[in-house]
Amino acid sequence: FRSTAGHPSLRYIAAVLLGCACAILCLPLLGWLDLVNIVMLFLLTVAITAVWLGQGPGVLAAFLSVALFDFLFVAPRFSFAVHDGQYLVTFLVMLLVALLISHLSSLLQQQVHKAQQREQRTRILYDCARNFAGAMTRGQVVATLQDCLADSVHAGKIALYLPDAQEHLEFSDSSGRAAPSIPERLVIQHSYDSGQKHITAEFAAEGCNTAYLPLRGATRMRGVLVLDLPPVKGERMDERSYFLHTLSSLLATALE
(Lines give C-alpha, C1' and ligand atoms only; values in the text may rest on other atoms or scores of the structure.)
Protein backbone atom coordinates (compact mmCIF):
# COMPACT_ATOMS: atom_id res chain seq x y z
CA PHE A 1 0.00 0.00 0.00
CA ARG A 2 2.81 2.45 0.78
CA SER A 3 4.32 2.01 -2.67
CA THR A 4 1.00 2.34 -4.50
CA ALA A 5 -0.51 5.06 -2.32
CA GLY A 6 2.15 7.70 -2.21
CA HIS A 7 -0.32 10.46 -3.15
CA PRO A 8 -2.25 11.74 -0.09
CA SER A 9 -5.69 11.09 -1.58
CA LEU A 10 -4.73 7.54 -2.57
CA ARG A 11 -3.53 6.84 0.97
CA TYR A 12 -6.95 7.77 2.35
CA ILE A 13 -8.67 5.64 -0.28
CA ALA A 14 -6.43 2.73 0.71
CA ALA A 15 -7.37 3.27 4.36
CA VAL A 16 -11.08 3.03 3.47
CA LEU A 17 -10.44 -0.13 1.45
CA LEU A 18 -8.56 -1.73 4.34
CA GLY A 19 -11.40 -0.95 6.75
CA CYS A 20 -14.03 -2.35 4.37
CA ALA A 21 -11.93 -5.45 3.73
CA CYS A 22 -11.67 -6.08 7.47
CA ALA A 23 -15.46 -5.77 7.84
CA ILE A 24 -16.08 -8.17 4.93
CA LEU A 25 -13.66 -10.73 6.36
CA CYS A 26 -15.23 -10.47 9.81
CA LEU A 27 -18.84 -10.96 8.66
CA PRO A 28 -18.55 -14.77 8.23
CA LEU A 29 -16.97 -14.93 11.70
CA LEU A 30 -19.91 -13.31 13.46
CA GLY A 31 -21.31 -16.60 14.68
CA TRP A 32 -17.90 -18.00 15.60
CA LEU A 33 -16.25 -15.11 17.42
CA ASP A 34 -17.46 -12.88 20.20
CA LEU A 35 -17.86 -9.21 19.39
CA VAL A 36 -14.90 -8.34 21.59
CA ASN A 37 -12.64 -10.46 19.35
CA ILE A 38 -14.05 -8.80 16.24
CA VAL A 39 -13.19 -5.45 17.82
CA MET A 40 -9.59 -6.66 18.15
CA LEU A 41 -9.47 -7.41 14.42
CA PHE A 42 -10.66 -3.88 13.65
CA LEU A 43 -7.99 -2.44 15.97
CA LEU A 44 -5.37 -4.55 14.19
CA THR A 45 -6.52 -3.07 10.89
CA VAL A 46 -6.19 0.45 12.31
CA ALA A 47 -2.65 -0.31 13.49
CA ILE A 48 -1.65 -1.70 10.09
CA THR A 49 -3.18 1.32 8.35
CA ALA A 50 -1.35 3.79 10.59
CA VAL A 51 2.01 2.05 10.16
CA TRP A 52 1.78 1.68 6.38
CA LEU A 53 -0.13 4.81 5.39
CA GLY A 54 0.51 7.38 8.12
CA GLN A 55 -1.38 9.13 10.90
CA GLY A 56 -4.10 10.80 8.82
CA PRO A 57 -5.29 7.58 7.15
CA GLY A 58 -4.96 5.85 10.53
CA VAL A 59 -7.36 8.35 12.13
CA LEU A 60 -9.79 7.85 9.24
CA ALA A 61 -9.54 4.08 9.71
CA ALA A 62 -10.28 4.50 13.44
CA PHE A 63 -13.58 6.36 12.83
CA LEU A 64 -14.50 4.07 9.95
CA SER A 65 -13.90 0.97 12.07
CA VAL A 66 -16.23 2.20 14.80
CA ALA A 67 -18.92 3.02 12.23
CA LEU A 68 -18.62 -0.34 10.45
CA PHE A 69 -18.61 -2.26 13.72
CA ASP A 70 -21.78 -0.47 14.85
CA PHE A 71 -23.54 -0.84 11.49
CA LEU A 72 -22.68 -4.47 10.73
CA PHE A 73 -22.20 -6.23 14.03
CA VAL A 74 -24.13 -4.51 16.84
CA ALA A 75 -27.87 -5.16 17.22
CA PRO A 76 -29.94 -3.91 15.57
CA ARG A 77 -27.72 -4.71 12.62
CA PHE A 78 -27.59 -2.53 9.48
CA SER A 79 -28.51 0.48 11.57
CA PHE A 80 -26.61 3.01 13.60
CA ALA A 81 -29.18 2.80 16.39
CA VAL A 82 -27.89 1.22 19.63
CA HIS A 83 -30.35 -0.54 21.95
CA ASP A 84 -27.79 -1.59 24.56
CA GLY A 85 -26.19 1.46 26.13
CA GLN A 86 -23.12 -0.55 27.13
CA TYR A 87 -22.05 -0.59 23.49
CA LEU A 88 -21.64 3.19 23.66
CA VAL A 89 -18.78 2.59 26.10
CA THR A 90 -17.41 -0.03 23.70
CA PHE A 91 -17.50 2.45 20.82
CA LEU A 92 -15.79 5.15 22.88
CA VAL A 93 -13.02 2.86 24.13
CA MET A 94 -12.56 1.37 20.67
CA LEU A 95 -12.23 4.84 19.14
CA LEU A 96 -9.79 6.08 21.80
CA VAL A 97 -7.61 2.97 21.54
CA ALA A 98 -7.63 3.17 17.73
CA LEU A 99 -6.62 6.84 17.81
CA LEU A 100 -3.86 6.10 20.32
CA ILE A 101 -2.52 3.28 18.15
CA SER A 102 -2.56 5.57 15.13
CA HIS A 103 -0.70 8.32 17.01
CA LEU A 104 1.95 5.97 18.41
CA SER A 105 2.47 4.38 15.00
CA SER A 106 2.98 7.83 13.48
CA LEU A 107 5.55 8.72 16.16
CA LEU A 108 7.37 5.46 15.47
CA GLN A 109 7.51 6.22 11.76
CA GLN A 110 8.90 9.70 12.47
CA GLN A 111 11.62 8.24 14.70
CA VAL A 112 12.56 5.71 12.03
CA HIS A 113 12.72 8.48 9.41
CA LYS A 114 14.94 10.63 11.63
CA ALA A 115 17.22 7.66 12.33
CA GLN A 116 17.58 7.05 8.59
CA GLN A 117 18.43 10.73 8.05
CA ARG A 118 21.09 10.62 10.79
CA GLU A 119 22.52 7.45 9.27
CA GLN A 120 22.72 9.10 5.85
CA ARG A 121 24.40 12.20 7.29
CA THR A 122 26.96 10.04 9.09
CA ARG A 123 27.69 8.05 5.93
CA ILE A 124 28.15 11.22 3.87
CA LEU A 125 30.56 12.72 6.42
CA TYR A 126 32.51 9.47 6.61
CA ASP A 127 32.81 9.27 2.83
CA CYS A 128 33.90 12.92 2.65
CA ALA A 129 36.56 12.47 5.33
CA ARG A 130 37.90 9.31 3.69
CA ASN A 131 38.00 10.78 0.18
CA PHE A 132 39.39 14.16 1.30
CA ALA A 133 42.33 12.31 2.83
CA GLY A 134 43.42 11.21 -0.65
CA ALA A 135 42.87 14.57 -2.39
CA MET A 136 46.13 16.28 -3.40
CA THR A 137 44.86 19.30 -5.34
CA ARG A 138 42.12 21.88 -4.97
CA GLY A 139 40.31 20.44 -7.97
CA GLN A 140 40.31 16.97 -6.41
CA VAL A 141 38.85 18.42 -3.19
CA VAL A 142 36.01 20.08 -5.10
CA ALA A 143 35.32 16.94 -7.13
CA THR A 144 35.25 14.86 -3.94
CA LEU A 145 32.78 17.25 -2.35
CA GLN A 146 30.47 17.06 -5.35
CA ASP A 147 30.63 13.26 -5.39
CA CYS A 148 29.81 13.03 -1.70
CA LEU A 149 26.77 15.30 -2.02
CA ALA A 150 25.55 14.00 -5.37
CA ASP A 151 23.07 11.52 -3.85
CA SER A 152 22.32 13.51 -0.74
CA VAL A 153 18.91 14.97 0.10
CA HIS A 154 20.70 17.55 2.26
CA ALA A 155 22.10 19.65 -0.57
CA GLY A 156 21.05 20.53 -4.07
CA LYS A 157 23.26 22.85 -6.11
CA ILE A 158 26.58 23.87 -4.58
CA ALA A 159 29.26 26.47 -5.25
CA LEU A 160 32.70 27.06 -3.74
CA TYR A 161 34.37 30.46 -3.40
CA LEU A 162 38.08 30.53 -2.57
CA PRO A 163 40.40 33.50 -1.94
CA ASP A 164 43.11 34.52 -4.38
CA ALA A 165 46.53 35.91 -3.45
CA GLN A 166 44.95 39.28 -2.60
CA GLU A 167 42.28 37.64 -0.38
CA HIS A 168 39.56 38.34 -2.93
CA LEU A 169 36.98 35.60 -3.23
CA GLU A 170 36.84 33.92 -6.60
CA PHE A 171 34.26 31.51 -7.91
CA SER A 172 35.98 28.12 -7.98
CA ASP A 173 33.51 25.48 -9.06
CA SER A 174 29.84 24.59 -8.76
CA SER A 175 27.28 21.92 -9.40
CA GLY A 176 24.85 23.72 -11.68
CA ARG A 177 24.43 26.79 -9.49
CA ALA A 178 24.04 30.11 -11.29
CA ALA A 179 26.46 32.99 -10.70
CA PRO A 180 25.44 35.04 -7.66
CA SER A 181 23.88 38.47 -7.89
CA ILE A 182 25.59 41.50 -6.36
CA PRO A 183 23.51 41.32 -3.13
CA GLU A 184 24.34 37.63 -2.76
CA ARG A 185 28.04 38.34 -3.36
CA LEU A 186 27.89 40.73 -0.42
CA VAL A 187 26.45 37.94 1.76
CA ILE A 188 29.22 35.58 0.64
CA GLN A 189 31.89 38.18 1.33
CA HIS A 190 30.43 38.97 4.75
CA SER A 191 30.40 35.28 5.66
CA TYR A 192 34.07 35.08 4.68
CA ASP A 193 35.08 38.24 6.56
CA SER A 194 33.10 37.52 9.73
CA GLY A 195 33.47 33.74 9.82
CA GLN A 196 29.75 33.42 10.52
CA LYS A 197 27.35 30.95 8.93
CA HIS A 198 24.26 32.34 7.17
CA ILE A 199 21.13 30.48 6.14
CA THR A 200 18.56 32.43 4.16
CA ALA A 201 15.81 31.87 1.60
CA GLU A 202 16.35 35.23 -0.11
CA PHE A 203 18.47 33.93 -3.00
CA ALA A 204 17.20 30.34 -3.24
CA ALA A 205 14.45 28.74 -5.26
CA GLU A 206 10.96 28.76 -3.78
CA GLY A 207 10.70 26.47 -0.78
CA CYS A 208 14.47 26.16 -0.40
CA ASN A 209 17.14 27.81 1.70
CA THR A 210 20.74 28.66 0.92
CA ALA A 211 23.53 28.07 3.43
CA TYR A 212 26.71 30.15 3.33
CA LEU A 213 29.37 28.25 5.28
CA PRO A 214 32.73 29.91 6.02
CA LEU A 215 35.65 27.49 5.72
CA ARG A 216 37.75 28.22 8.78
CA GLY A 217 41.17 26.59 8.69
CA ALA A 218 43.72 26.34 11.48
CA THR A 219 45.58 29.46 10.33
CA ARG A 220 43.07 31.52 8.32
CA MET A 221 39.81 31.46 6.40
CA ARG A 222 39.95 29.19 3.37
CA GLY A 223 36.79 30.24 1.51
CA VAL A 224 33.01 29.95 1.57
CA LEU A 225 30.87 26.95 0.65
CA VAL A 226 27.40 27.76 -0.71
CA LEU A 227 24.72 25.06 -0.67
CA ASP A 228 21.12 25.20 -1.80
CA LEU A 229 19.14 23.19 0.74
CA PRO A 230 15.89 21.62 -0.48
CA PRO A 231 13.25 20.99 2.18
CA VAL A 232 13.38 17.59 3.88
CA LYS A 233 10.12 16.25 5.23
CA GLY A 234 10.06 15.97 8.99
CA GLU A 235 13.38 17.76 9.52
CA ARG A 236 13.81 21.29 10.82
CA MET A 237 16.58 23.48 9.48
CA ASP A 238 18.36 23.61 12.83
CA GLU A 239 18.65 19.81 12.78
CA ARG A 240 21.09 20.15 9.87
CA SER A 241 23.39 22.53 11.74
CA TYR A 242 25.74 19.84 13.03
CA PHE A 243 25.95 18.20 9.61
CA LEU A 244 26.73 21.50 7.87
CA HIS A 245 29.26 22.55 10.50
CA THR A 246 31.11 19.23 10.30
CA LEU A 247 31.06 19.24 6.50
CA SER A 248 32.54 22.75 6.32
CA SER A 249 35.24 21.80 8.86
CA LEU A 250 36.24 18.74 6.82
CA LEU A 251 36.39 20.81 3.63
CA ALA A 252 38.45 23.56 5.26
CA THR A 253 40.93 21.01 6.60
CA ALA A 254 41.22 19.36 3.19
CA LEU A 255 41.85 22.71 1.47
CA GLU A 256 44.43 23.67 4.04
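Here is a tour of the chain, one selection at a time.

**Before you click**

This is a predicted model, where local features need pLDDT of at least 70 and side-chain atom pairs count only at pLDDT 80 or more, while totals for chains, interfaces and linings use all residues. Residues are numbered from 1 along each chain as its sequence is written, and side-chain values use heavy atoms, with hydrogens and water left out.

**Stop 1: the whole chain**

Switch to cartoon view and you'll find 7 helices and 5 strands. Helices (H or I, at least four residues) and strands (E, at least two) are DSSP runs, numbered from the N terminus. Follow the chain along its sequence and the pattern reads α-α-α-α-α-β-β-α-β-β-β-α. Of its 256 residues, 39% count as buried (under 20% relative accessible area; exposed is over 50%, partly exposed in between, with a 1.4 Å probe and protein chains only).

**Stop 2: H1 and H3**

Two packed helices are described by the angle between their axes and the distance between the axes. Axes are lines fitted to C-alpha atoms, for helices over the stretch in contact, and angles run from 0 to 180 degrees between N-to-C directions. Select residues 8–26 (H1) and 55–73 (H3): their axes come within 9 Å and cross at roughly 30 degrees. That makes H1 roughly parallel to H3 (angles under 35 degrees count as roughly parallel, over 145 as roughly antiparallel, 65 to 115 as roughly perpendicular and the rest as oblique). Now show side chains: the contact (heavy atoms within 4.5 Å) includes Tyr12, Ala15 and Val16 of H1, and Leu60, Leu64 and Leu68 of H3. The residues of this contact divide into 12 nonpolar, 2 polar and 1 charged. For those classes, Ala, Val, Leu, Ile, Met, Phe, Trp, Tyr, Cys and Pro count as nonpolar, Asp, Glu, Lys and Arg as charged, and the others, Gly among them, as polar.

**Stop 3: H7 and its partners**

Next, pick H4 (residues 86–133) and H7 (residues 241–255), whose axes come within 10 Å and cross at roughly 5 degrees. H4 and H7 are therefore roughly parallel to each other. Look for Leu125 and Phe132 of H4, and Leu247 and Leu250 of H7, which are among the residues making this contact.

Arg138, Val141, Leu145 and Leu149 in H5 meet Phe243, Leu247, Leu251, Ala254 and Leu255 in H7.

**Stop 4: the largest core**

Which residues have the most contacts inside the largest nonpolar core? Select Leu145, Leu149, Leu225, Leu227, Leu247 and Leu251, in a core of 25 residues. (A nonpolar core is a set of buried Ala, Val, Leu, Ile, Met, Phe, Trp, Tyr and Cys residues joined through side-chain atoms within 4.5 Å.) H7 gives the most to this core, with 6 residues. Zoom in on leucine 225: not counting residues up to four places away in sequence, its contacts include Leu145, Ala159, Leu247 and Leu251.

**Stop 5: methionine 221**

Finish in strand S5 (residues 221–229), where you'll find methionine 221. Is methionine 221 buried or exposed? Methionine 221 counts as buried, at 12% relative accessibility.
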